[in-house]
Amino acid sequence: MKLSLRESDFLESFDLLWSKDLDKYKKNKLNLFILKINSNEFDYDLLVDMLLEPVIDYSISRQVKEKYKNKPMTLSRKAREKFVEYTRNNGELGELLLFCFLETHLGAPKILTKLELKTSTSHYVNGADGVHFLKLADGNYQLIFGESKTYHDIDRAIADAFKSISNFKNGVNDKGNHKSGIQYEKSLISDNLFKETFSEEEREFLESLIYPSKNRKFDVDDAFGIFIGFQVNVSDNEKAMPTADFRKLIRNRVDAEVNKYLASIQQKIIDNKLQGHNFYMYILPFTDIDSKRKKIMEAITK
């Protein structure tokens, strides 16, 4: 199967500060990205430009995309309308960014995103933001379930992300009440594969990822992709600095802030009894996070 964003320039919006393993087995990796800086500001305009195409792949099934492949304006309108309707309540940018990072950086093709799943507000509370798969070097596979949190406070975002994953895995909510979780999610994937333009061979392969069979010649494990957006503060005096000095200042500040939480992240995996899973984390700082998130969402959906 091909990546949805195989020709995307999405990663050109960022600099990768570093990628670090969080445990001795190298199961859990944290990737710290920072937006390109232009004249002492994060280049949000560049990010918007790089999200215009991915929002189509995120919002629209392959089937619909194939149907309107010769009508790009219609396809773009349908994607934006669907995305606006879905994000009207909270304007969640993180889900889209996580989809893009998993596709372009990790190389994990999407199976379905939340927009494509048939959900019910009464039965589908703890659902993943999207589902991807990753082929490993040993020939086995992982199903990657997405979770994103974009808050002012990075500590709260990290804590809530792992709590949500724990609830999702165990099929409960914050109060301990039983809700649909990971097994229900897999049934939704299976039920909705017909919405994609998969060949019969691809559909059988995806079914085998979800449900074991005697003919399956590989193992499949559940893993998680996490996007964390947080706010980094910049003063007016700092904005007046020479551009080279400002870039160094922001890089050092973001590096120091995220490094403070490396041990805490691994401990949250243990505390939530999630040690058996692999985690692929993406962290991105924002300035004026609430206003910038709103402006980005408006720009990519107008």
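Predicted model: local features only at pLDDT ≥ 70, side-chain atom pairs only at ≥ 80, totals over all residues.
Is Ala 159 buried, partly exposed or exposed, and what relative accessibility does Ala 159 have? Ala 159 counts as partly exposed because its relative accessibility is 29%, where buried means under 20% relative accessible area, exposed over 50%, and partly exposed in between, with a 1.4 Å probe and protein chains only.

Residues are numbered from 1 along each chain as its sequence is written, and side-chain values use heavy atoms, with hydrogens and water left out.

The mean pLDDT (the predictor's confidence in each residue, from 0 to 100) is 86, and 88% of the residues reach 70 or more. Of the 302 residues in the protein, 52% are buried.

The protein has twelve helices and nine strands, which are DSSP runs numbered from the N terminus (helices H or I, at least four residues; strands E, at least two). Strand S8, residues 220–231, is largely enclosed by the rest of the structure, because eleven of its twelve residues are buried. Its pairings, for which DSSP must find at least two bridges between two strands, are tabulated here.

| Strand paired with S8 | Bridges | Direction |
|---|---|---|
| S7 (residues 141–150) | Ten bridges | parallel |
| S9 (residues 279–286) | Eight bridges | parallel |

Within these pairings, Leu 143 stands opposite Asp 222 in S8, while Gly 225 stands opposite Tyr 280 in S9.
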